[in-house]
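Subject: Structure handover

Hello,

Here is the structure for you to take over. Please open it first, then read my notes below.

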Amino acid sequence: MLSGKRILLIITGGIACYKSLDLVRRLQERGASVRAVMTEGAQKFITPLAVGALTGGKVFTDLFDREAEHDVGHIRLSREADLIVVAPATANMMAKMAGGHADDLASCVLLATDKPVLIAPAMNSRMWAHVATQRNLKTLQGDGILTVGPNAGEMAEKGEAGYGRMAEPMEILEAVEAFFNATIKPLAGKKVVITSGPTHEPIDPVRYIANRSSGRQGHAIAEAVAQAGADVTLVSGPVTLKDPKGVNVVHVETAREMLAAVQSALPADIAIMAAAVADWRVASDAHQKIKKDGSGKVPALDFVENPDILATIGNSKVLRPGLVVGFAAETNDLIENARGKLQRKGADLIVANDVSPENNVMGGSENTVRIVSEDGVEDWPKMGKEEVAAKLIAKIAEKLGS
Ligand code: C5P
């Protein structure tokens, strides 16, 4: 819902303008109030009268309109908004924004604003693909401008197709909603330690024992928790993923290193232990590469148990975080095993998932989880790992009452 949110919609000149009328409606349906600015180009496609009839207010078109400048003015227009949406955003407007030009009301507003800006580019596919437009896009993204689309499809010009169609009003609406959801910070001020990925347990200097964890779920959680306003330390085993944005990442290899890194990140308000930590390590890893000696004899590996990081901090009398979340990846008796872990490891929540190979969870982009706690079991439908992360944050915030 966008109730109470103020959107300044800047409409620039392209055939996609007509879709902006629908966008106004969709934004209003969700409770947003919409003010509109139109460029001269936009007015060649749709009239300020039509836009004003929908927004229910004056449509701003002229930088030198004495009445409007006196009344609202481009500075106030740019300030009195929670989000500025440029839809459609022409190649020309993108170029002007990237270069910091201010030769009409729309570009003045965009230069004067300190508010977030979302653009929905729309243009001929060749204009979109042009190096200049792509360079401008990079500049704008580097400046923190958000983008939605463009989509691929037929162009207004007969027989032309490719990337350049403006995103549909519903997609723009979703991007607007996603922006506002991301600005809600339910975990502001919280310190959170998260583990992710596998551990590697050395056999000798070149060989190790590992597992199939990709770290995608744990990393998605770390990024989402940071976006929710928390101060996040992510202790990551060896993964091929990029470090998530806005997170302090400590890279480790073994379970023992992971435990040490988690302990030095304490005290924390919340611990989320999503790593697939190796249960055992090789008792005495050789300091030199183990060699075949030609006799056909194979080396025997002895194992010792690794420390259980979740159990260590979940059962700690002194440094236990207020909320401890564990994972249970099982191939059988999921709930029973998860309940056992809740007790044994001193966790408040266990995110249980069935990692039977047919579910393609390990390394895959989706997850079907069940949330096990003292209150019972919640089944979540199959969803992307990012969505699991977002729902988990809502659950944690609910548990903390924040
Ligand atoms: O016992 P199991 O490995 O199935 O438990 C899974 C949960 O315990 C996960 O949250 C995992 O991160 C955590 N764990 C741990 N240290 C271990 C083994 C598991 O933190 N040595």
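Helix H11 is largely enclosed by the rest of the structure, because nine of its twelve residues are buried. Please keep in mind that this is a predicted model. The buried residues of H11 are Gln217, Gly218, His219, Ala220, Ile221, Ala222, Ala224, Val225 and Ala226. Their cover includes strands S9, S12 (231-236), S14 (270-273), S17 (323-330) and S19 (366-367), along with helix H15 (385-400). H11 itself runs over residues 216-227. From first C-alpha to last it reaches 16 Å, close to the 16 Å expected at 1.5 Å a residue. After H11 comes glycine 229, with a positive phi near 100°.

Now the ligand. Around the ligand sit Met273, Ala275, Val277, Asp279, Pro307, Asp308, Ile309, Leu310, Gly326, Phe327, Lys341 and Lys345.

- Proline 307: a polar backbone atom is 2.9 Å from a nitrogen atom of the ligand.
- Isoleucine 309: a backbone N or O atom is 3.0 Å from a nitrogen atom of the ligand.
- Leucine 310: a backbone N or O atom is 2.8 Å from an oxygen atom of the ligand.

On its own, the ligand has 450 Å² of accessible area, and the protein covers 87% of that.

Threonine 195 lies in strand S9 (residues 191-196). Is threonine 195 buried or exposed? Its relative accessible area is 2%, so threonine 195 counts as buried; the cut-off for buried is under 20%. A polar atom of its side chain lies 3.1 Å from the backbone nitrogen of alanine 275. Alanine 275 is also one of the residues around the ligand. Beyond four places in sequence, threonine 195 touches Leu234, Val235, Met258, Val262, Ile272, Met273, Ala274 and Ala275.

Threonine 199 sits in the loop between S9 and strand S10 (201-202). Threonine 199 is buried, at 0% relative accessible area. Which side chain does threonine 199 meet in a polar contact of 2.9 Å? The partner is the side chain of glutamate 201. The threonine 199 side chain also reaches the backbone nitrogen of alanine 278, at 3.0 Å. Residues that threonine 199 touches, leaving out those up to four places away in sequence, include Asn211, Pro238, Glu253, Met258 and Val277. Threonine 199 and isoleucine 309 are 110 residues apart in sequence. In space they are 12 Å apart, C-alpha to C-alpha.

The peptide bond from alanine 87 to proline 88 is cis, with omega near -5°. Proline 88 belongs to strand S4 (residues 83-89). Another cis peptide bond joins glycine 149 and proline 150, with omega about 0°. Proline 150 is in the loop between strand S6 (146-147) and strand S7 (151-154). Aspartate 333 has a positive phi, near 45°, although it is not glycine. Aspartate 333 lies in the loop between S17 and helix H14 (334-344). At 47% relative accessibility, aspartate 333 is partly exposed.

Best wishes

Key. Residues numbered from 1 in each chain as written. Predicted model: local features only at pLDDT ≥ 70, side-chain atom pairs only at ≥ 80, totals over all residues. Heavy atoms only, no water. Helix = DSSP H or I, 4+ residues; strand = E, 2+ residues; numbered from the N terminus. Buried < 20%, exposed > 50% of the residue type's maximum accessible area, 1.4 Å probe, protein only. Polar contact = N/O pair within 3.5 Å; in protein donor to acceptor, adjacent residues only side chain to side chain. Contact = heavy atoms within 4.5 Å. Near = heavy atom within 4 Å. Areas by Shrake-Rupley, 256 points an atom, 1.4 Å probe, with all protein chains shown as cover. Expected span 1.5 Å × (residues − 1).
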